[in-house]
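Please read the points below with the sequence and the model side by side.

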Amino acid sequence: MTLTFEVDPAVDPALRDGILALWADVTNAGGAVGFVPPVTPEAIRPSLLKHLAAMADGGTRLLVGRDEDGRVAATAFLTFNTHRLMTHWLWVYTLMVHPRHQGKGYGLDLMAAVERTVRTAPGFEGIEAIRLTCRGGLGLEHFYAKAGYKEVGRIPDAIRVAPGDDRDDIVMLLQLR
């Protein structure tokens, strides 16, 4: 079974709650998605609301993957650049696959869906590259390399997970040209 992906789904309470639960479950399983465990959906809510506000303003688009039961199983937020000299590439944030689905290849499916969306969906015309950052110390850069991304920068100790636990901020890029 694979995930079913949708771009710009209608945002209703069920989707919001599904994303919050996914985000908390990913974080609490050790995922590097902006928080450290333990975390609750309520602690994550302000961050999700910022993403949703950016969507309402048109600066961010949402890609959701649902499992065979229709549950939110994966997400990616695609954020356009507002700087006039950088509108030819976008950021991807909050890439997540639910822990119950990890090890099934769904992470690479999500990355392929991100690339396919940017290449083919209306509203992404002129985008030539996708950029993301990941937390060092977890091997995430190797996963993204499998999806075709190249490491283009690294800022040592830029992410403080906890006192005495600083990680590199790794910049990855996928050229679409």
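1. Strand β4 (residues 89-97) and strand β5 (residues 129-135) run parallel and are joined by 3 bridges, where strands are DSSP runs of E with at least two residues, helices are runs of H or I with at least four residues, both are numbered from the N terminus, and two strands pair if DSSP finds at least two bridges between them. Within this pairing, Trp-89 has Ala-129 of β5 as its bridge partner.

2. This is a predicted model, in which local features need pLDDT of at least 70 and side-chain atom pairs count only at pLDDT 80 or more, while totals for chains, interfaces and linings use all residues. Residues are numbered from 1 along each chain as its sequence is written, and side-chain values use heavy atoms, with hydrogens and water left out.

3. On another side of the pairing pattern, β5 runs antiparallel to strand β7 (residues 165-175), and 7 bridges join the two; Thr-133, for instance, has Val-171 in β7 as its bridge partner.4. How much of β5 is buried? The strand is mostly covered, as 5 of its 7 residues are buried, where buried means under 20% relative accessible area, exposed over 50% and partly exposed in between, with a 1.4 Å probe and protein chains only.

4. Trp-89, Trp-91 and Tyr-93 form one aromatic cluster, given that rings of Phe, Tyr and Trp (its six-membered ring) pair if their centres lie within 6.5 Å, and that planes under 30 degrees apart count as stacked, over 60 as edge-to-face and the rest as tilted. The count by this rule comes to 6 aromatic pairs, among them the edge-to-face pair of Phe-143 and Tyr-144, with 5.1 Å centre to centre and 65° between the planes.
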